[in-house]
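Hi,

Here is the structure I promised to pass on.

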Amino acid sequence: MSTLSERILGASAGEYVDRKVDRAYAHDGTGVLALEAWKNMGGNRLAKETELYLQFDHIVPANNSTTANLQHELREFANSSFMHFSDIGGGICHQLMSEGIALPNEILVGADSHSVTLGAFGAFATGVGATDMAAIWLTGETWFRVPESLGIHLAGRLSGAAEAKDLALTYVGKLGTDGATYQALEFVGEGVHGLTMDERLVLSNLSVEAGAKAGLFYADDVTMRYLKEKGHVVIEQVPEPCTYVGELDIDLSDIGPLVAVPHRVDTVRPVQDLAGLPIDQVFVGTCTNGRYSDLARFARIVKGKKVAIRTIVIPASASILAETIRTGVLADIIEAGCTIGTPGCGPCIGYHMGVLGEGEICLSTANRNFRNRMGVGGEIYLASVATAAASALQGEITVPEVT
Amino acid sequence: MQRDPLEGDLNRASLKPRQNTGHAICVPADIDTDVVIAGRYLRTKDRGVWAAHVFEDLDPSLAPRLKGAVIVAGKNFGCGSSREQAAIAIREAGVVAVIAPTFARIFFRNAINIGLPLIEAELSCSEGSNVRFSLDEGWVESEGKRHTIRSLSPRMREILAAGGLVEYWRAHT
């Protein structure tokens, strides 16, 4: 009897295997080094058996000539190859892969740590560095150590103002930043069936913040419905009895709004404890919380009101941006005094589009609050979309109202 | 035209493991890759920039002291982003090896792929003391005490022996 990781990788935990990668993707950050490594490997061919993607999302549009030159070289390479290429403004690589590309049972590798996001589809999805990606471009394969799995048993339903983000911060807080190092998380239990695909993507996304190699859900009717809308007919993955190296039980109805305080994702406290802390900036977006449902929820809270501080909202992809325009969500957000950025990672990695000044505090819906990440001397508090919206309106950390 | 720091025999040669002894530099647990090399230094291919700013947000005085050093870290070294520049920066600053009870897995792969030896072992760190190790024999020695190290997988040993994954694939294609 196997865990989902063992089933997809076709071997038992602890074994080393070479596997064909179904889809491999890199972005403008890691792609530059991957291209160099691929050339140095003698790179005169690209693996035909693997679907290869290159998506510009980290510094978009280019912020200066150095970035522009690096992106130019990578763009020329992408256009001269058969790689699927998404230029600036298309969206965040993980989000694009989640819009009807990643499928259950696939092996997906991204040159970015948050590639674990796609485990939400019942795929084995993990991150690697640039040189590993270069070898995949060349051969279509890579090696894996089949991970042991940690079972996260979910029961009940989220209630009140709690969001998937609060649930994600809960398990990262419980496991710690290395609680799942070298392991995979499996989200199981009756509580998973009440979670939408968007919510599952949030939970899988944060799994690397507990050190996990992957964070998987079994494909069920929610997965099947989501993918069917995008033109894919897939079958359910039924869990088998299996051995977990550790287990964590979480009752979703116990979850309330949380904040991860600087500079660790696992230092989690109730929003209540920090209420009233003045902030300088709110950032809503990223591969964690930049989806349409996030932006719509944010708009519902700020509609007809005015934010008290600078508030940056960045849709995770162009199709999300288009949907917010069609439905009027975007107008509500702008009329509330927020500003909109190019679909992509925004200021999450501290390059541009909202870098913090020294001593400034940002409440962000992203997934990392490491020291200086969004700017030297800036501090990052991580929270849900509802907490971000309530806090933007007050200019201080604020407990979101139950709507 | 920007100099391509990854080209040329000199740079290739510098990837080979150089020695198996060095002075200990102690760093705490949970060092993330943003601390190893900050995002603000990533948009270049110049390895010298990464080496000059390595660990800047932990201790700005550290970079010049890393030549010939063995970093002895707490658990979960290299957590966070997949940026390979973190491993390259450490290597380029002249670090001989990094020792920690556990490493974040992407950093682990990256380091081996660029030819930076990592050693999974638990030892107390005394700043400046001499640390010796043998990857082949599977031990690390510090302050007269010998510790067993967790062995790398056969594939990782092959990659490291080749000097990195680029060299490995140059030899295999």
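**What I found**

Chain A has 14 helices and 18 strands. Keep in mind that this is a predicted model.

On overall shape, a compact globule of 403 residues would have a radius of gyration near 22 Å, and chain A comes out at 20 Å, so the two agree. Along the principal axes, the C-alpha atoms of chain A fill a box of roughly 55 × 55 × 40 Å. Buried residues account for 61% of the 403 residues in this chain. If you take the contacts in chain A between residues at least 6 apart in sequence, 78% of them join residues at least 24 apart.

Next, the place where the two chains meet. Chain A puts 41 residues into the contact and chain B puts in 35. On the chain A side, the elements giving two or more residues are α2 (28-40), α3 (65-79), α5 (130-139) and β7 (141-145). Of these, α2(A) gives the most, with seven residues. By type, the chain A side splits into 17 nonpolar, 15 polar and nine charged residues.

Then there's the core. Which residues touch the most other members of the largest nonpolar core? They are Ala34(A), Phe298(A), Val98(B) and Ile99(B), out of 191 residues in that core. As a general point, nonpolar side chains tend to be buried together in soluble globular proteins.

Cheers

Conventions. Residues are numbered from 1 along each chain as its sequence is written. Chains are lettered from A and ligands numbered from 1 in the order in which they are written. This is a predicted model: local features need pLDDT of at least 70, side-chain atom pairs count only at pLDDT 80 or more; totals for chains, interfaces and linings use all residues. A nonpolar core is a set of buried Ala, Val, Leu, Ile, Met, Phe, Trp, Tyr and Cys residues joined through C-beta atoms within 7 Å. A residue is buried if 20 or more other C-beta atoms lie within 10 Å of its own, exposed if 12 or fewer, and partly exposed in between; C-beta atoms are placed from the backbone. Helices (H or I, at least four residues) and strands (E, at least two) are DSSP runs, numbered from the N terminus. The radius of gyration is taken over C-alpha atoms; the globule rule is 2.2 Å times the number of residues to the power 0.38. Two residues are in contact if their C-beta atoms, placed from the backbone, lie within 7 Å. Ala, Val, Leu, Ile, Met, Phe, Trp, Tyr, Cys and Pro count as nonpolar, Asp, Glu, Lys and Arg as charged, and the others, Gly among them, as polar.
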